[in-house]
Amino acid sequence: MSAWCPLPYEQSRERKRHVNGQTPGPIRVLVVDDHAFFRRGLVSVIADEHDINVVGEAGDGEEAIRKTRDLAPDVVLMDVRMPNVNGIDACVGVKDAAPDAKIVMLTMSDEEDDLFDALKAGATGYLLKEVSVTELPQAVRAVVDGQSFLNPSMATKLIAEFTTLARRGKDRTRPTNTDEAPLTSREMEVLRLIARGLSNRTISEELFITENTVKNHVRNILEKLHMRTRMEVAIHAVQSGLIEEE
């Protein structure tokens with residue numbers, strides 16, 4: 001990222017994004033990385049996007065939690081390995097400070113444990129720092145739209161884990177799903193489609209319902225299952241035997 005030139009936050013502050021024909025304002029992003037030069041490179045890339053606005057920066061997880069509470073970002077781009085409080089530990093604090101904020105880990109770490117721990121902690125995206133300039137804004141928009149966004153190599157590792165869980169689950173009796181958090185038949189349909197990795201828009205097309213209705217079902221599923229992310233829901237679906245190994 002050495003070729004990227006820093007730009008001030010104000011250049012993108014008045015730009016607007018369009019969602020369903022409306023203009024609620026730019027996507028608010030907090031950039032968290034302990035390397036100031038890399039952090040400023042990210043800012044320069046995002047500042048070129050008309051619908052994304054960097055509202056602040058932080059150098060470690062502790063500062064990220066504080067800035068999240070003060071700035072209420074829509075998306076937190078955060079490194080995994082940082083001093084004081086690392087990115088994974090900071091996820092919980094960030095979600096407590098701003099429950100609706102989406103967290104995208106942006107890191108050099110391709111370790112499976114970091115990936116799984118980040119997703120369990122509430123991250124909805126995991127990108128390696130080799131990500132292209134065009135993929136980063138795409139990831140920001142995707143998580144705001146309710147999707148997960150993973151680096152391809154990390155997605156492969158996650159799918160491998162799903163396969164392992166599915167194999168283990170074949171010997172289990174399928175739960176009725178009514179003991180702890182009963183789901184409606186429609187929510188069960190949405191749950192299965194989430195587990196297949198489908199976006200809200202695609203789910204709406206599959207079920208012939210509006211995208212807002214899908215979002216409501218997803219929110220209800222998360223609340224009933226006491227989960228933070230779609231990824232956790234997908235893992236639950238595999239472990240519960242709701243989807244079969246292909």
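This is a predicted model: local features need pLDDT of at least 70, side-chain atom pairs count only at pLDDT 80 or more; totals for chains, interfaces and linings use all residues.

Trainee: In what order do the six strands of the open sheet lie?
Mentor: The pairing within this open sheet is parallel. Strand 2 (52–58) and strand 6 (149–150) are the edge strands, each pairing on one side only.

Trainee: Which residue of strand 4 is the bridge partner of Leu77?
Mentor: Strand 3 is joined to strand 4 by four bridges, and the two run parallel. Strand 3 also pairs with strand 1 in the parallel sense, over four bridges, and there Leu77 stands opposite Val31. In strand 4, the bridge partner of Leu77 is Val104.

Trainee: Which residue of strand 5 is the bridge partner of Met105?
Mentor: Strand 4 (residues 102–107) and strand 5 (residues 125–128) run parallel and are joined by four bridges. Strand 5 is covered on both faces, with Gly125 and Leu127 buried on one side and Tyr126 and Leu128 on the other. The bridge partner of Met105 in strand 5 is Tyr126.

Trainee: At what angle does helix 1 run to strand 2?
Mentor: Helix 1 (residues 36–47) lies across strand 1 (27–32), strand 2, strand 3 (75–78) and strand 4. Its direction relative to strand 2 is given by an angle of about 165°.

Trainee: Why does Asp79 count as buried?
Mentor: Asp79 is placed in the loop between strand 3 and helix 3 (87–97), and an unreviewed UniProt entry places the feature "modified residue: 4-aspartylphosphate" there. Leaving aside neighbours within four places in sequence, Asp79 is in contact with residues including Asp33, Asp34, Thr107 and Lys129. The cut-off for buried is under 20% relative accessible area. Asp79 counts as buried because its relative accessibility is 5%.

Trainee: Which helix gives the most residues to the lining of the largest pocket?
Mentor: The largest pocket holds about 940 Å³ of space. It is lined by 28 residues, of which Pro99, Asp100, Lys102, Val144 and Gly146 are the closest to its centre. The elements that give two or more residues to this lining are helix 5 (135–144) and helix 9. With seven residues, the helix that gives the most is helix 9.

Trainee: What separation do the C-alpha atoms of Leu225 and Pro182 have?
Mentor: Leu225 is found in helix 9 (residues 211–225). This leucine counts as buried because its relative accessibility is 13%. Leu225 and Pro182 are 43 residues apart along the chain, and their C-alpha atoms are separated by 8.7 Å.

How values were computed: Residues are numbered from 1 along each chain as its sequence is written. Side-chain values use heavy atoms; hydrogens and water are left out. Two strands pair if DSSP finds at least two bridges between them. Contact means heavy atoms within 4.5 Å. Axes are lines fitted to C-alpha atoms, for helices over the stretch in contact, and angles run from 0 to 180 degrees between N-to-C directions. Buried means under 20% relative accessible area, exposed over 50%, partly exposed in between (1.4 Å probe, protein chains only). UniProt positions are given in the numbering used here, feature names are shortened, and annotations may be inferred rather than shown by experiment. On a 1 Å grid over the protein atoms alone, a cavity is a set of points where a 1.4 Å probe fits but cannot get out, and a pocket is an open set with protein on both sides within 12 Å along at least five of seven lines; lining residues have an atom within 4 Å of a point. Grid points are joined across faces, edges and corners, and a volume is the space filled by probe spheres set on the points.
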